[in-house]
Amino acid sequence: MLRYVYADQLDQFPRLRDTMFRDRADQFRTRLGWEVEVDDNGFERDQYDDLNPLYVIWERADGTHGGSMRFLPTTGRTMVNEHFLELMDGVHINSPLIWECTRFCLNRNSESRVAAALMLGGGELMRAFGVKHFVGVFDARMVRIYRMIGSSPTVLGASGEGRTQISVGLWDYTADDRAKVIERAGVRSALSEAWFESSFGHLPEMRMTA
């Protein structure tokens, strides 16, 4: 199932929390070789996890992490503005209608549909909070995954070539996009909405604009 959890709520789900940060270490440092910090608990965390971001997490039947994404509004601190401005020719992204999505992570044993389920969760956030776009930095390996899901971004800037290419992308979300990710995730629309309601307790009226 999908859970929507703010950082200050993670202690309510210790098994989900711990396996998420360990899976991030496994993906970003072990498998991808990124220069990320991993603490004595085996957790990959950074300064943006301290800003009370909102996580969309796929929780497996045993309560462990299957996949996740991290969201922050661009009206505050973001990775794209603080570390990747060169990809944007120095242009800051700052809008209440644009949120940043980072740390897209999948457990190495997750089913392929989990990636689509996470995109569906991101879309539910857009519908709920009136967000028009997500912005994020991604590497070359993600291009195929986004294409498979049916949720490819508009590329705003890029650096490098081939497997070393790093890009900044902007995602929007239409009714057609939602239909595609629902099909790929194998999740009924009503179930996705029920998961959202179980985390937030209500559906804002603005949610029905898409």
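The chain exposes about 10300 Å², and carbon and sulfur atoms supply 49% of that area. The model is a predicted one. Its secondary structure comes to six helices and seven strands, and 50% of the 210 residues count as buried.

**Overall fold and dimensions**

- Read from the N terminus, the elements follow the order β-α-β-β-α-β-α-β-α-β-β-α-α.
- The radius of gyration of the chain is 16 Å, which agrees with the value near 17 Å that a compact globule of 210 residues would have.
- Along the principal axes, the C-alpha atoms fill a box of roughly 40 × 40 × 30 Å.
- Of the contacts between residues at least 6 apart in sequence, 69% join residues that are at least 24 apart.

**Charge**

- The chain carries 25 positive and 30 negative side chains.
- The centres of these two sets lie 5 Å apart.

**E124 in helix α3**

- E124 is placed in helix α3, which spans residues 113-129.
- The relative accessible area of E124 is 0%, so this residue is classed as buried, the cut-off being under 20%.
- The side chain of E124 is joined to that of R127 by a polar contact of 3.1 Å.

**Loop residues with positive phi**

- N52 is not a glycine, yet its phi is positive, at about 55°.
- The position of N52 is in the loop between α1 and β2, the latter covering residues 54-59.
- N52 has a relative accessibility of 33% and therefore counts as partly exposed, a class that lies between the buried limit of 20% and the exposed limit of 50%.
- D89, likewise a residue other than glycine, has a positive phi near 55°.
- D89 belongs to the loop between α2 (79-83) and β4 (98-106).
- With a relative accessibility of 73%, D89 counts as exposed because the value is over 50%.

- Q9 is located in the loop that runs between β1 (2-6) and α1 (14-31).
- Q9 is partly exposed, as its relative accessible area is 26%.
- Q9 and H92 are separated by 83 residues in sequence.
- In space, the C-alpha atoms of Q9 and H92 are 30 Å apart.

Technical notes. Residues are numbered from 1 along each chain as its sequence is written. This is a predicted model: local features need pLDDT of at least 70, side-chain atom pairs count only at pLDDT 80 or more; totals for chains, interfaces and linings use all residues. Side-chain values use heavy atoms; hydrogens and water are left out. Helices (H or I, at least four residues) and strands (E, at least two) are DSSP runs, numbered from the N terminus. Buried means under 20% relative accessible area, exposed over 50%, partly exposed in between (1.4 Å probe, protein chains only). A polar contact is a pair of N or O atoms within 3.5 Å; within protein, one must be able to donate a hydrogen and the other to accept it, and residues adjacent in sequence count only if both atoms are side-chain atoms. The radius of gyration is taken over C-alpha atoms; the globule rule is 2.2 Å times the number of residues to the power 0.38. Contact means heavy atoms within 4.5 Å. Accessible areas come from the Shrake-Rupley method with a 1.4 Å probe; for residues, only the protein chains shown count as cover. Lys and Arg count as positive and Asp and Glu as negative; His and the chain ends are not counted. The place of a charge is taken as NZ of Lys, CZ of Arg, CG of Asp or CD of Glu.
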